[in-house]
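Subject: Structure handover

Hello,

Please find the structure below, with the sequence alongside. My notes come after it.

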Amino acid sequence: MQQRSVPPPHLPLYLAAAYTLLVIYASLYPFTGWHDNGVSPTDFLFAVWPRYWTSFDLVTNILAYMPLGFIWVPALQPRYGRLLSVLLATLLGCCLSLSLETLQNFLPTRVASNLDLASNSLGVLLGALVGARWGAELLDGGRLHTLSKRLIGDNPMANSGLVLLALWLLTQLNPEIILFGNGDLRNILATLLTTEPLPYSAEHFPWLEAGVTASNTLAVGLICTCLLRKHRHQIVAALFITALLVKSFSLTILVNNIDLTWMTFGSLVGLGGGLLLWLIVSFLPRLLQQALAALALMLATTLVNLVPENPYLAATLQVWQQGHFLNFNGLTRLTSAMWPFLALPWLMLLRQKAPEKS
């Protein structure tokens, strides 16, 4: 009898695909000003050692590509085995880096560099080697896979839900948004949108901020409880604590000092109100929770596109020397803007796939 090939596990494959797309976006951001500079796209491969470079650049490039190698190894391993998966993951990462560096020749804000290519390739190789050792935890029989299966089940929609929550945590690294305020399309669709933000008022702004935070808190909490089979309340609490720590970290990077400016009156009221609402409705049937999560997401997205700019945050961002964080900030900005529009279809598909459980 011919042995059937084993399909790759869903979670590692989803994580690998998502991270690959994030790397592509971060490497080519802001996608404007494409032109031919008259130089051969491969000249950078044979260029001399760059005149200006820092150890920070090298370490950042290595660390950015390590997760790529790490995740692709368990994604490929069930089909190709450990050793070949390491080779394929390394080759994939090197080819991806080479392609992106070549494309950067046509972007005025980017500089193709053989040093970047070398550090990216080293990063993906190190990540692949680490993935060969510990990546099996994500596979069938691994502890992380077993824990995931026990908490959320083992179907594609459940695994994609974990990726969705991971992307939500990534959005908290964007210092430009109100606490949990994803879905702001005004920068992306500036020429298409006809609605204007509400005028800023020191009296009304905190309550608008509270509405954005509360509706997003309710939506994310319900998405998490719909995903989980057990330990819902403990895991949701841990998720929000992690998100607040990530938010504090992003603001600390912004001002080079410990910063908790997200703790405004409006955000604290919204966080408390959203958590209270989530706690009450988390005992409702699952399908009703999904419907409420979708409504909360739509409300939050509408509000965040009407809220006026926070003058304090705008003044802080004006003096922010983005430097090496420019591309990463563009990545988190896009993820933040698109996250609700990924979550809504997921909720609708989950309703069809997942039977209601008590």
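The notes below go from the overall picture to individual residues.

This is a predicted model, in which local features need pLDDT of at least 70 and side-chain atom pairs count only at pLDDT 80 or more, while totals for chains, interfaces and linings use all residues. Residues are numbered from 1 along each chain as its sequence is written, and side-chain values use heavy atoms, with hydrogens and water left out.

Overall

The protein has 12 helices and zero strands (helices are DSSP runs of H or I with at least four residues, strands are runs of E with at least two, and both are numbered from the N terminus). Of its 358 residues, 44% count as buried (buried is under 20% relative accessible area, exposed is over 50% and partly exposed is in between, with a 1.4 Å probe and protein chains only). Among contacts between residues at least 6 apart in sequence, 83% join residues at least 24 apart (contact means heavy atoms within 4.5 Å).

Confidence

The average pLDDT of the protein is 78, and 76% of the residues score at least 70 (pLDDT is the predictor's confidence in each residue, from 0 to 100). One is residues 1-8, for which the model has nine contacts beyond four places in sequence. The other is residues 321-326, with eight such contacts. Where pLDDT is low, the predicted coordinates should not be read in detail.

Helices α7 and α9

Two packed helices are described by the angle between their axes and the distance between the axes. For helix α7 (residues 205-227) and helix α9 (residues 265-281), the axes come within 7 Å and cross at roughly 35° (axes are lines fitted to C-alpha atoms, for helices over the stretch in contact, and angles run from 0 to 180 degrees between N-to-C directions). On the α7 side, the residues in the contact include Pro206, Trp207, Glu209, Thr213 and Leu222. On the α9 side, they include Phe265, Ser267, Leu271, Leu275 and Trp278. By type, the contact of α7 with α9 has 13 nonpolar residues, eight polar and one charged (Ala, Val, Leu, Ile, Met, Phe, Trp, Tyr, Cys and Pro count as nonpolar, Asp, Glu, Lys and Arg as charged, and the others, Gly among them, as polar).

Serine 267, in helix α9, is buried because its relative accessibility is 0%. Beyond its neighbours within four places in sequence, serine 267 is in contact with Leu179, Glu209, Thr213 and Trp262.

Aromatic residues

The structure holds four aromatic pairs (rings of Phe, Tyr and Trp, the last by its six-membered ring, pair if their centres lie within 6.5 Å; planes under 30 degrees apart are stacked, over 60 edge-to-face and the rest tilted). In one of them, the ring centres of tryptophan 168 and phenylalanine 180 are 5.2 Å apart with the planes at 50°, so the pair is tilted. Tryptophan 168 is in helix α6 (residues 156-171) and phenylalanine 180 in the loop between α6 and α7, so this pair ties together parts that are 12 residues apart in sequence.

The rings of phenylalanine 180 and phenylalanine 240 are also tilted, because their planes are at 45°, with centres 5.7 Å apart. Phenylalanine 240 is in helix α8 (residues 232-255), so its pair with phenylalanine 180 in the loop ties together parts 60 residues apart in sequence.

Trp168, Phe180 and Phe240 form one aromatic cluster. The relative accessible area is 0% for tryptophan 168 and 0% for phenylalanine 180, and phenylalanine 240 is buried at 5%. Phenylalanine 180 has a positive phi of about 65° although it is not a glycine.

Phenylalanine 44

Phenylalanine 44 is in the loop between α1 (10-28) and α2 (55-80), and is buried with a relative accessible area of 6%. Residues that phenylalanine 44 touches, not counting those up to four places away in sequence, include Leu98, Glu101, Asn105 and Leu117. The C-alpha atoms of phenylalanine 44 and leucine 115 are separated by 9.3 Å, and the two residues are 71 apart along the chain.

Regards
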